[in-house]
Structure formats: structure tokens, C-alpha cells
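Please look over the sequence and the model below before reading on. The briefing that follows goes through strands, charged pairs and aromatic rings in turn.

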Amino acid sequence: MFKILALVLLVSAARAAPPAYHQAYEESGPAQYEFAYAIADPHTGDYHSQQEHRDGKSVVGQYSLHEADGTVRIVKYSDDGHGFNAVVERQGNPSEASAGYKNVAVPQYRY
């Protein structure tokens, strides 16, 4: 009978301890960061960028990319902890063949 009682006490004590990762998260606080990058590859015509700033639950950012029709799509987004909001903007006039995009040779493989 004593052995069963000791086992119940050990299981109860193990359940009472909070997980270690939970304690580490509380100590570090809410997320805060800022980043930005840009890609400009004239060989393939790949042009895009992104920037973002986060402070706790609030995030604000935008990204842009050059579309195949010659226009630039810019997406400005934000989330203040109550829902995601995005505004899409298009700059330029579409054209049939954009000078920014080139035909890139694709390697031929034989099987």
C-alpha cells in the first residue's frame, strides 16, 4: 500500500511543475524586431523587396515586386493584434512584353 501512495505523490508533483519553455518565454517579453531586404537581379528580371517592423502584437510592413506585365505591386500591411489589414497598390501601366524580363536559357538534361 505504501508503494502505491508514493507513486501517486510523485506523479502529482511532476504535474505541478510548469514547463521550462513557458518560463523562458515570459522572461524574454513580447517579440520586437525590424528587418528589410531587396533583390535586384537584372539577368532574370527578378526585383522585389520587403520591410517589416514588429513591437509586441503590432506589426507594420510592406513588400513590392515587379510583375511580368511591367507593373509594380506594392502591398502595405498591418496588424495591431485585432486582425490583419492589407492594402494592395499597383504602379505603372501593363504592357505585353516587359523589357525587364528576359528569356533565360534553361539547361537541357538528357535522361
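**Briefing on the predicted model**

Phe35 stands opposite Glu52, a residue of strand E2, where strands (E, at least two residues) and helices (H or I, at least four residues) are DSSP runs numbered from the N terminus. This is a predicted model, in which local features need pLDDT of at least 70 and side-chain atom pairs count only at pLDDT 80 or more, while totals for chains, interfaces and linings use all residues. Residues are numbered from 1 along each chain as its sequence is written, and side-chain values use heavy atoms, with hydrogens and water left out.

**The protein as a whole**

- The protein holds two helices and five strands, and along the sequence these follow the pattern α-α-β-β-β-β-β.
- Of its 111 residues, 14% count as buried, where buried means under 20% relative accessible area, exposed means over 50%, and partly exposed lies in between, with a 1.4 Å probe and protein chains only.
- The protein exposes about 9,400 Å², of which carbon and sulfur atoms supply 58%; accessible areas come from the Shrake-Rupley method with a 1.4 Å probe, and for residues only the protein chains shown count as cover.
- Among contacts (heavy atoms within 4.5 Å) between residues at least 6 apart in sequence, 20% join residues at least 24 apart.

**Strand E1 and its partner**

- Strand E1 covers residues 32-41 and is hardly covered itself, since the count of buried residues among its ten residues is zero.
- E1 and strand E2 (residues 46-55) pair in the antiparallel sense over ten bridges, and two strands count as paired if DSSP finds at least two bridges between them.
- The hairpin of E1 and E2 has four residues between the strands, and in this hairpin Gly45 takes a positive phi near 80°.
- Ile39 has its place in strand E1, and this residue counts as partly exposed because its relative accessibility is 36%.
- Leaving aside residues up to four places away in sequence, Ile39 touches Asp46, Tyr47 and His48.
- Between Ile39 and Leu65 there are 26 residues of sequence separation, and their C-alpha atoms are 9.4 Å apart in space.

- Side chains of opposite charge can pair when their charged atoms come close.
- How many salt bridges does a search of the whole structure find? The search finds two, a salt bridge being a side-chain nitrogen of Lys or Arg within 4 Å of a carboxyl oxygen of Asp or Glu.
- Glu67 forms a salt bridge with Arg73, and the closest N and O atoms of this pair are 2.5 Å apart; Arg73 counts as partly exposed because its relative accessibility is 30%.
- Asp69 and Arg90 also meet through their side chains in a salt bridge, at 2.4 Å from N to O.
- This second pair links distant parts of the chain, since Asp69 is in the loop between E3 and E4 whereas Arg90 is in strand E5 (residues 84-91), 21 residues apart.
- The loop that holds Asp69 runs between strand E3 (58-66) and strand E4 (72-79).
- Is Asp69 buried or exposed? Asp69 counts as buried because its relative accessibility is 19%, whereas Arg90 is exposed, with a relative accessible area of 55%.
- The side chain of Asp69 also has a polar contact of 2.7 Å with the side chain of Thr71; a polar contact is a pair of N or O atoms within 3.5 Å, where within protein one must be able to donate a hydrogen and the other to accept it, and residues adjacent in sequence count only if both atoms are side-chain atoms.

**Aromatic rings**

- A pair of aromatic rings is described by the distance of the centres and the angle of the planes.
- Rings of Phe, Tyr and Trp (its six-membered ring) pair if their centres lie within 6.5 Å, and planes under 30 degrees apart count as stacked, over 60 as edge-to-face and the rest as tilted; by this rule there are three aromatic pairs.
- One of them is the stacked pair of Tyr33 and Phe35, with 6.2 Å from centre to centre and 25° between the planes.
- Tyr33 is partly exposed, with a relative accessible area of 33%, and Phe35 is partly exposed with a value of 33%.
- Tyr77 and Phe84 form a stacked pair because their ring centres are 5.9 Å apart and their planes are at 25°.
- Tyr77 is buried, with a relative accessible area of 9%, whereas Phe84 counts as exposed at 60%.
- Tyr63, Tyr77 and Phe84 form one aromatic cluster.
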